[in-house]
Amino acid sequence: MARTMAEKVWEEHVVRRAEGEPDLLYIDLHLVHEVTSPQAFEGLRLAGRSVRRPDLTVATEDHNVPTENVFGPIADKVSRTQIETLRKNASEFGVRLFPMGDIDQGIVHVVGPQMGLTQPGMTIVCGDSHTSTHGAFGALAFGIGTSQVEHVLATQTLPMAPFKTMAVTVEGQLRPGVTAKDIILAVIAEIGTGGGQGYVIEYRGEAIRSLSMEARMTVCNMSIEAGARAGMIAPDATTFDYIKGRPHAPQGADWDAAVAHWEDLRTDEDAGFDHEVVLRAEDISPFVTWGTNPGQGVALDAAVPAPADFDDPSARASAEKALAYMDLEPGTPMRDIAVDTVFLGSCTNGRIEDLRAAAEVIRGRKVADGVRMMVVPGSMRVKEQANAEGLGEVFTAAGAEWREAGCSMCLGMNPDQLKPGERSASTSNRNFEGRQGKGGRTHLVSPLVAAATAVRGTLSSPADL
Amino acid sequence: MEKFTVHTGRGAPLRASNVDTDQIIPAVYLKRVSRTGFEDGLFSAWRASDPDFVLNKEEFAGADVLIAGPDFGTGSSREHAVWALQDYGFKAVLSPRFADIFRGNSLKGGLLTVVLPQEVIERLWEMVEADPATDITVDLVEREVRAPGLAHPFELDDYTRWRLMEGLDDIALTLRETDDISAFEERRAPWLPVTQ
């Protein structure tokens with residue numbers, strides 16, 4: 001029977017199947033960080049259980065870590081305790097950990113791919129919803145809760161009920177200045193924050209195939225913002241070229257066998273999806289959010305919508321509440337919205353290509369008066385690479401802050417936060433109320449829009465400079 | 001895990017859609033390493049800033065069935081959202097649609113999340129707003145939600161229902177299948193990466 005890629009990967013990982021029970025799926029890679037793991041390790045300890053496969057588990061410090069002075073102790077005592085707890089747990093249970101200051105430390109979803117641990121056809125989980133990022137390689141990767149983290153630590157498996165499948169096809173070619181971030185924001189605005197609920201999305205079409213691996217990760221990363229558990233893109237030459245030679249990539253005869261297998265993972269020609277959505281790449285332009293969920297977005301060329309524009313009563317009520325929180329007047333051109341802070345970073349847009357794109361815009365220019373721009377690389381390796389290319393200097397010369405790796409202002413668990421009432425243009429993934437700091441207001445944007453906004457002080461694209 | 005069979009309690013009407021887990025419990029509360037005591041973080045921003053927020057209203061004090069709008073629990077995978085609801089005293093959440101990860105977390109932890117049509121949710125909102133003392137019964141045995149003049153069935157797969165009714169620990173169930181797991185491991189491709 002013809003099958004989709006998601007179905008193939010699923011089938012290959014069924015350990016046990018019984019009538020009336022969820023499938024028991026084997027997990028190839030378990031990524032761990034400090035926030036969603038302490039209670040899981042404590043659960044193991046209380047039950048006298050061990051980690052079944054420490055060799056399929058890896059941990060990093062990312063959510064809490066400061067992005068300045070990373071070689072000293074963390075000032076925030078509660079954060080420090082959480083980091084120390086992870087170190088203690090990793091050591092006690094034999095899990096490899098990349099601590100703050102380590103060259104391999106970084107955001108969990110940046111670290112996996114850059115080490116070559118993320119490969120096509122794998123099942124990958126992490127106690128973090130943006131695990132969907134790894135689907136860019138044709139892996140089935142999804143976020144889990146702490147109970148499931150404990151379950152995977154103890155058994156290397158998860159009981160899972162099957163997903164439905166959705167194809168999101170982006171036909172044609174993107175216009176210049178339009179990026180992967182704009183694609184995914186447009187997709188979310190199209191299908192809504194609940195549109196992907198119960199589905200694994202496969203992104204297809206010419207525009208998707210033309211994307212680099214890093215851009216594909218940006219698209220898959222925000223699948224969760226459309227409500228989907230996972231997003232996937234078929235592995236191809238772009239994927240194989242990216243993986244080849246990385247520290248954990250297969251080598252020699254293993255490489256050839258792996259590639260042969262990976263090529264078979266693609267969705268069969270005559271396979272059907274439970275739901276299909278088609279977008280034209282030419283119709284997508286730089287996209288920004290105006291509200292407090294990632295589905296509340298419009299083209300940068302558009303204006304802030306009015307609640308009356310929404311037919312659905314719950315969408316209307318939600319728009320009304322969002323506009324009040326965001327302190328925006330309907331009809332205001334998006335380009336007139338002034339920001340206090342620009343945040344470039346996160347597992348969505350904190351990779352080298354994102355930094356290159358932003359640096360290209362900002363090179364030789366200055367961050368506008370009264371605007372603070374913070375550039376936080378997704379990992380220490382990304383920082384090293386950026387410095388080698390002179391990008392760090394471009395940012396600092398423009399007046400931006402060039403920080404160390406971590407999740408930073410994406411969720412404001414460390415000191416990098418907005419103050420009440422402050423407004424940001426952020427390359428991260430969530431514009432929820434208070435996400436970047438209590439009372440903070442977030443507009444989600446691409447790295448290109450972030451950089452142009454930093455220069456002009458109002459939401460802008462490079463074409464406006 | 002506590003067993004769940006039939007629960008009768010009072011309802012708290014949360015008239016909002018897209019309630020994300022950052023609202024249910026902000027990230028600052030996630031720095032803790034304990035498993036209990038998250039009730040102070042539940043909806044903390046709304047509780048602190050909005051006197052009209054449902055949990056600030058005296059008439060809904062002690063309510064333990066949360067009646068929410070669609071797309072409840074979107075966003076971050078933090079299971080702390082489930083813990084905060086449970087620590088605050090909630091036994092069940094009713095909504096037209098839940099985010100997948102939140103739903104999974106809740107059913108692992110014994111917080112019953114029940115999907116009901118929007119019109120049933122609206123009737124329940126009106127009912128408890130008119131009389132906050134209205135009894136609402138969430139019956140997992142019969143898979144039915146009942147309130148005066150209302151009885152509506154809900155779907156939940158047999159396996160999850162059985163596990164909740166028995167209060168069973170998923171890990172212990174899986175560990176019974178260790179032989180199958182070991183056999184599977186023998187078959188894994190040799191090129192698959194290891195972290196050490």
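The model in your viewer is a predicted one, in which local features need pLDDT of at least 70 and side-chain atom pairs count only at pLDDT 80 or more, while totals for chains, interfaces and linings use all residues. Residues are numbered from 1 along each chain as its sequence is written, and chains are lettered from A and ligands numbered from 1 in the order in which they are written.

**Stop one: helix α2 of chain A**

Stay in this region and select residues 38–47 of chain A, which make up helix α2; helices here are DSSP runs of H or I with at least four residues, strands are runs of E with at least two, and both are numbered from the N terminus. The buried residues of this helix are Pro38(A), Gln39(A), Ala40(A), Phe41(A) and Gly43(A), where buried means that 20 or more other C-beta atoms lie within 10 Å of the residue's own, exposed means 12 or fewer, and partly exposed is in between, with C-beta atoms placed from the backbone.

From α5, move on to Gln156(A), in the loop between α5 and β8 (157–160) of chain A. Gln156(A) is not a glycine, yet its phi is positive, at about 60°. Most residues other than glycine have a negative phi. Gln156(A) counts as buried because it has 22 C-beta neighbours inside 10 Å.

**Stop two: three annotated cysteines**

Now select Cys347(A), Cys407(A) and Cys410(A), which the UniProt annotation "binding site", from an unreviewed entry, covers; such annotations may be inferred rather than shown by experiment. These residues are spread over 64 residues of sequence but cluster in space, with a largest C-alpha distance of 8.8 Å.

Cys407(A) sits in the loop between β17 (401–402) and β18 (423–426) of chain A, and it is counted as buried because 32 C-beta neighbours fall inside 10 Å. Leaving out residues up to four places away in sequence, Cys407(A) touches Asp62(A), His63(A), Ile107(A), Ser346(A) and Met413(A); a contact here requires that the C-beta atoms of two residues, placed from the backbone, lie within 7 Å.

Cys410(A) is also in the loop between β17 and β18 of chain A, and is buried because 29 other C-beta atoms lie within 10 Å. With residues up to four places away in sequence again set aside, its contacts are Gly345(A), Ser346(A), Ser428(A) and Asn429(A).

Ser408(A) is a residue other than glycine with a positive phi, near 55°, and it is buried, with 32 other C-beta atoms within 10 Å.

**Stop three: the domains of chain A**

Colour chain A by its domain assignment, which gives domain 1 (5–160), domain 2 (164–283) and domain 3 (288–464), with bounds from an automatic or database assignment. The C-alpha centres of domain 1 and domain 3 of chain A lie 28 Å apart, and their contact takes 21 residues from domain 1 and 22 residues from domain 3. On the domain 1 side, helix α4 (residues 108–114) of chain A gives the most, with four residues.

**Stop four: the sheet of chain B**

Switch to chain B, where seven strands form an open sheet of mixed pairing in the order β4-β3-β2-β1-β5-β6-β7; two strands pair if DSSP finds at least two bridges between them. The edge strands, each pairing on one side only, are β4 (112–115) and β7 (150–153) of chain B.

Select β1 (residues 6–14) of chain B, which pairs with β2 (residues 65–68) of chain B in the parallel sense over four bridges; Leu14(B) has Ala68(B) as its bridge partner in β2(B). With β5 (residues 135–139) of chain B, β1(B) pairs in the antiparallel sense over five bridges, and Arg10(B) stands opposite Asp135(B) in β5(B).

**Stop five: where the chains meet**

Finally, show both chains: 47 residues of chain B are in contact with 68 residues of chain A. On the side of chain B that touches chain A, α4(B) gives the most, with six residues.
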